[in-house]
Amino acid sequence: QVQLVESGGGLVQAGDSLRLSCAASGRTSSMYRMGWFRQPPGKEREFVATIIWSGGFIYYADSVKGRFTISRDNAKNTVYLHMNSLKLEDTAVYYCALDTGRTAQYDYWGQGTQVTVSS
């Protein structure tokens, strides 16, 4: 089993920056990729960004491209989401997820952290 714990959410104003962290613990020997997703109020969960653990290939949703940066610290088994120029529509619960590579989907999910952007 793997546990994912997100942190760093909060209430910020539009235009501000915020950094989310997601620390993986447990059986972390199989880490193919990690991703960030978010669920805005009243909407379905959507993809934000993903990073391949070995090699660092990165992919972003168009809505965050140029504003958000995903990065990783292999030694700490931690993935980050640096969010700049936050907009009201970035308000959501943000989740990190781990794909071990055993299946074609994310196997583990964190509990989520709330990000609220105010005007």
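Five salt bridges are counted in this predicted model, a salt bridge being a side-chain nitrogen of Lys or Arg within 4 Å of a carboxyl oxygen of Asp or Glu. Because the model is predicted, local features need pLDDT of at least 70 and side-chain atom pairs count only at pLDDT 80 or more, whereas totals for chains, interfaces and linings use all residues. Residues are numbered from 1 along each chain as its sequence is written, and side-chain values use heavy atoms, with hydrogens and water left out.

One of the salt bridges joins the side chains of Arg-33 and Asp-99, with 2.7 Å from N to O. This pair links distant parts of the chain, since Arg-33 lies in strand β4 and Asp-99 in strand β9, 66 residues apart. Strands (E, at least two residues) and helices (H or I, at least four) are DSSP runs, numbered from the N terminus. Asp-99 is buried, with a relative accessible area of 2%; buried means under 20% relative accessible area, exposed over 50%, and partly exposed in between, for a 1.4 Å probe and protein chains only.

A second example is the salt bridge between Arg-67 and Asp-90, whose closest N and O atoms are 2.7 Å apart. Asp-90 belongs to the loop between β8 and β9 and Arg-67 to the loop between β6 and β7, so the pair ties together parts that are 23 residues apart in sequence. Both partners are enclosed: Asp-90 is buried at 0% relative accessible area, and Arg-67 is buried at 11%. Through shared partners, salt bridges join Arg-38, Glu-46, Arg-67 and Asp-90 into one network.

The side chains of Asp-62 and Lys-65 also meet in a salt bridge, at 3.0 Å from N to O. Here Asp-62 counts as exposed, at 64% relative accessibility, and Lys-65 as partly exposed, at 48%.

The next link is of another kind. A disulfide is a covalent bond between the sulfur atoms of two cysteines. The count comes to one disulfide, where the rule asks for a pair of cysteine sulfur atoms within 2.5 Å. It is formed by Cys-22 and Cys-96, whose sulfur atoms are 1.9 Å apart. Cys-22 lies in strand β3 and Cys-96 in strand β9 (residues 92–99), so the pair ties together parts that are 74 residues apart in sequence. Cys-22 is buried at 0% relative accessibility, and Cys-96 is buried at 0% as well. With 50° about the S-S bond, the link is right-handed.

Four strands form an open sheet in the order β1-β3-β8-β7, with antiparallel pairing; two strands pair if DSSP finds at least two bridges between them. Its edge strands are β1 (2–7) and β7 (68–73), each of which pairs on one side only. Six bridges join β1 to β3 (residues 18–26), and Gln-3 stands opposite Ser-25 in β3. On its other pairing, β8 meets β7 over six bridges, with Phe-68 opposite Met-83. β7 and β8 form a hairpin with four residues between them, and Asn-77 in the turn has a positive phi of about 50°.

Finally, consider the aromatic rings. A pair of aromatic rings is described by the distance of the centres and the angle of the planes. The count is five aromatic pairs; rings of Phe, Tyr and Trp (its six-membered ring) pair if their centres lie within 6.5 Å, and planes under 30 degrees apart count as stacked, over 60 as edge-to-face and the rest as tilted. Phe-37 and Phe-47 are edge-to-face, at 5.7 Å centre to centre and 75° between the planes. Phe-37 is in strand β4 (residues 33–39) and Phe-47 in strand β5 (residues 46–52), ten residues apart. Phe-37 is buried at 11% relative accessibility, whereas Phe-47 is partly exposed at 26%. The rings of Phe-47 and Tyr-59 have centres 6.0 Å apart and planes at 25°, so this pair is stacked. One aromatic cluster is formed by Phe-37, Phe-47, Tyr-59, Tyr-106 and Trp-109.
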